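Please examine the sequence and the three-dimensional model shown here. The paragraphs that follow lead through its sheet, a helix and a pocket.

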Amino acid sequence: MFNPNDLNKMISQFQDTFKNMEEKQANTIFSATSGGGLVKASVNGKGELVDLIIDKSLLDDVESLQILIIGAINEAYKNVEKKKKNSAMELFGDISPFNN
């Protein structure tokens with residue numbers, strides 16, 4: 001039989017778990033490189049660029065530098081999104097009523 005209190009409890013647990021997951025992910029740093037490690041970009045779980053390391057050998061080749069920076073940043077953002085997706089799938093798996 002359907003019990004509304006059980007549903008409310010499950011929703012509350014979901015909200016708490018989701019909030020904790022968001023806080024943890026916001027503080028996680030995701031890094032990616034391009035050009036064989038000549039450029040390294042790091043973003044946090046909120047999607048903010050927090051670090052960018054550029055090998056000095058690229059400073060004379062602005063065009064290559066731009067391409068490698070864009071590549072590293074985009075890959076770091078993909079890592080954030082991949083983690084968010086995986087975390088959401090884990091979260092939904094944890095609250096599924098079919099896991100009993």
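What is the order of the strands in the open sheet, and with what pairing? The order is β1-β2-β3, an open sheet of 3 strands with antiparallel pairing. This is a predicted model, in which local features need pLDDT of at least 70 and side-chain atom pairs count only at pLDDT 80 or more, while totals for chains, interfaces and linings use all residues. Residues are numbered from 1 along each chain as its sequence is written, and side-chain values use heavy atoms, with hydrogens and water left out.

Strands here are DSSP runs of E with at least two residues, and helices are runs of H or I with at least four, both numbered from the N terminus. Two strands pair if DSSP finds at least two bridges between them. The edge strands of the sheet, β1 (29-34) and β3 (49-54), each pair on one side only. From one strand to the next, the twist averages 15 degrees, where axes are lines fitted to C-alpha atoms and angles run from 0 to 180 degrees between N-to-C directions.

Strand β2 (residues 39-44) is joined to β3 by 5 bridges in the antiparallel sense. Within this pairing, V39 stands opposite I54 in β3, and L49 in β3 is the bridge partner of V43. The hairpin of β2 and β3 has 4 residues between the strands, and there G47 takes a positive phi near 85 degrees.

Helix α1 comprises 23 residues (residues 4-26). The expected span of a helix is 1.5 Å times one less than its number of residues; α1 should therefore span 33 Å, which agrees with the 33 Å between its end C-alpha atoms. S12 is found in this helix. S12 counts as partly exposed because its relative accessibility is 34%, given that buried means under 20% relative accessible area, exposed over 50% and partly exposed in between, with a 1.4 Å probe and protein chains only. The buried residues of α1 are M21, Q25 and A26.

M21 also belongs to the lining of the largest pocket, where M21, K24, K83, S87 and E90 lie nearest the centre among 10 lining residues. The elements that give two or more residues to this lining are α1 and α2 (62-95), and α2 gives the most, with 5 residues. A pocket is an open set of points on a 1 Å grid where a 1.4 Å probe fits, with protein on both sides within 12 Å along at least five of seven lines; lining residues have an atom within 4 Å of a point. The space in the largest pocket is about 200 Å³.

Notes
Grid points are joined across faces, edges and corners, and a volume is the space filled by probe spheres set on the points.
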